[in-house]
Amino acid sequence: MGNRISVASPKSEVHYLNRIKRFPNLVVMAEEDSDEEGFSYFESDAFAKRYSPNGSMIKDKFLSMSFKNMIRMIRIFSKYIKPIMSGRDKGFKDIEDYVLELEKTGHLSNHKNSLLKTCPNNELWKELSEYAWDKWKINIGFTEVPSQLIFKGKAILFKYAIVCIQEMDKEKIDLAPDIAAGEEVQRIYSSLGIAVNDIAQWLRQKYNVRCQANHPLGGLVSTSPLAAKAGMGWQGHNGLLITPQYGQRHRIAPIFIEDLLFEFTDNNDHVWIEKFCKTCRKCERACPMQAIYTEKQPRIKDVPGIGQTRTCIDRIKCYPQFNKTLGCSICVKVCPFSKGNDSYSKLKHITNKKV
Ligand code: SF4
Ligand code: SF4
C-alpha cells in the first residue's frame, strides 16, 4: 500500500489491525492468497501512477464531471461522509475492550455465555431477526467465515458472522448512472453501517454476546461470497450477490460473533442462478466500461461452502465510472433479478423449464 492518507482508510482500522495482528493464533487472519480490498488497491502508488490522472480518488471524482453534478456531488458528500466515517470508526471503538483485554492478558477470557446451553438458540435467532427487520428492514443469515474471504493483510476477532443485507430503493437505482442512484448507494452504506453497529450493541447489552460489527463500505471481508455461503443468494455474472428479495439492489455488512449460537443458514438453493447468468449477460452488455469479464478468472480454490472463487470485474475499468457517479449501479439496474416482486421465482421457473 502507498503512504497516502485517504478517506477510505480510517485510522481506527489501521490501528486495530496493527494491534490484533500481534496475536495471530487468537484472531482469524487472512490467507496469503486472499483478495485485496478495493480501497487498499485503489490507494496503492501503482494504481495512482497508472490510472489516477489527477493523483487521488477525490480529485478524479470532482475534476471529471460537469459543474452541476459537482454541486450535487458536494451536497451528497456532505450529507453522508460524516455518518459513514463515524459508522466505520464506531465498529472499531466498540471492540476496544476486547482488544485491550488481548493486549493486557494475551488472551480473551473464556467467558461462557449462558446462551450456549441452548445452542442453536432458535428463540434468540427469531428475536434477532425480528429486531433487525422491524428496526432496520434488514435480512440476516449466519455462517462461519472462511479465512480466504478475509481481505489480504486484514484480520477479524471472531470466526462466525451474522450477515446483514439492506435493500436499495428500486426507483433510485433505476436512475443509474445518474448521481441520484449513487446517492442511494451512499444512503444505504450509511444506514447499514449505523444498523450493524446498533444490532451488535443490542446483542452485547441484552445478551452479553461478544461481537464485532463491520461497516459495508470497505471492510474486512469479501461480503458477496460470504452472503452466498450463508445461503442468502448467489453471485451473479458481475460478482455481486443476487438475492431472492432484491436481486442485486442491496448492500451487505457482517457482524462477527464469538460463539456458535445459531444454526448456520448455509444452503445451495440459489446456485441455479449461475446457469441463468450464462444465458443472460445483460450486465456485461450494459457496462459502459466493458469492465465485466466474459470469462471469469479463477482466484481462490476450495473456499468452504463456495468452492472456487472467481474475479468477475476488471477493477481498473470499473473504478473511474464508479468513482465519478458515487456508485454507478448500471449493472445492478439492468439485472432482471433486481426488478423485485417475484422476479426470482419467475426466473427460477423459466430456468427449470429449460432443463
Ligand atoms: S458498476 Fe458500472 S462500471 Fe462497474 S461493472 Fe457495473 S456497470 Fe460496469
Ligand atoms: S444481469 Fe444477467 S448475467 Fe448479469 S448478474 Fe444479472 S442475471 Fe446474471
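**Notes on helix packing, ligand shells and loops**

1. Let me begin with a helix pair: S12, E13 and Y16 in α1 meet D89, F92 and K93 in α5. Contact here means that the C-beta atoms of two residues, placed from the backbone, lie within 7 Å. By class, this contact has 2 nonpolar, 1 polar and 3 charged residues. Ala, Val, Leu, Ile, Met, Phe, Trp, Tyr, Cys and Pro count as nonpolar, Asp, Glu, Lys and Arg as charged, and the others, Gly among them, as polar.

2. A word on conventions. This is a predicted model, in which local features need pLDDT of at least 70 and side-chain atom pairs count only at pLDDT 80 or more, while totals for chains, interfaces and linings use all residues. Residues are numbered from 1 along each chain as its sequence is written, and chains are lettered from A and ligands numbered from 1 in the order in which they are written. Helices (H or I, at least four residues) and strands (E, at least two) are DSSP runs, numbered from the N terminus.

3. Back to the geometry of that pair. Helix α1 (residues 11-20) and helix α5 (residues 67-93) pack at an angle of about 25 degrees, and their axes are 8 Å apart. The axes are lines fitted to C-alpha atoms, for helices over the stretch in contact, with angles from 0 to 180 degrees between N-to-C directions. α1 and α5 are therefore roughly parallel to each other (angles under 35 degrees count as roughly parallel, over 145 as roughly antiparallel, 65 to 115 as roughly perpendicular and the rest as oblique). Their crossing is left-handed, a term used if the near helix is turned anticlockwise from the far one by less than a right angle, with right-handed if clockwise.

4. What does α5 do with α9? The axes of α5 and α9 come within 9 Å and cross at roughly 15 degrees. That makes α5 roughly parallel to α9, and the crossing of these two helices is left-handed. The α5 side of the contact includes N69, R72, M73, I76 and Y80, and the α9 side includes I179, E183, Q186, R187 and Y189. The residues of this contact divide into 8 nonpolar, 7 polar and 5 charged.

5. Which residues surround ligand 1? They are N238, C287, M289, A291, I292, I313, C318, Q321, F322, C328, I330 and C331, where a residue is near a molecule or strand if its C-beta atom, placed from the backbone, lies within 6 Å of it. α13 (315-325) and α14 (330-334) each supply at least two residues of this shell, and the largest share, 3 residues, comes from α13. By class, the shell around ligand 1 has 10 nonpolar residues, 2 polar and no charged.

6. Ligand 2 has 13 residues around it, of which G236, C277, C280, C283 and C335 come nearest. Here α11 (273-280) and α12 (282-286) each supply at least two residues, and α11 gives the most, with 3 residues. The shell around ligand 2 has 8 nonpolar, 3 polar and 2 charged residues.

7. Some backbone details deserve a look. Most residues other than glycine have a negative phi, and most peptide bonds are trans. The peptide bond from A176 to P177 is cis, with omega near 5 degrees; P177 sits in the loop between α8 (170-173) and α9 (179-207). N208, which is not a glycine, has a positive phi of about 55 degrees and is placed in the loop between α9 and β5 (211-213). Q290, also not a glycine, has a positive phi of about 50 degrees and lies in the loop between α12 and β9 (292-298).

8. For reference, a residue is buried if 20 or more other C-beta atoms lie within 10 Å of its own, exposed if 12 or fewer, and partly exposed in between, with C-beta atoms placed from the backbone.

9. Finally, Q248 lies in the loop between β7 (241-242) and β8 (250-257). With 25 C-beta neighbours inside 10 Å, Q248 counts as buried. Not counting residues up to four places away in sequence, Q248 touches G236, L240, L241, I242, V332, C335, F337 and S338.
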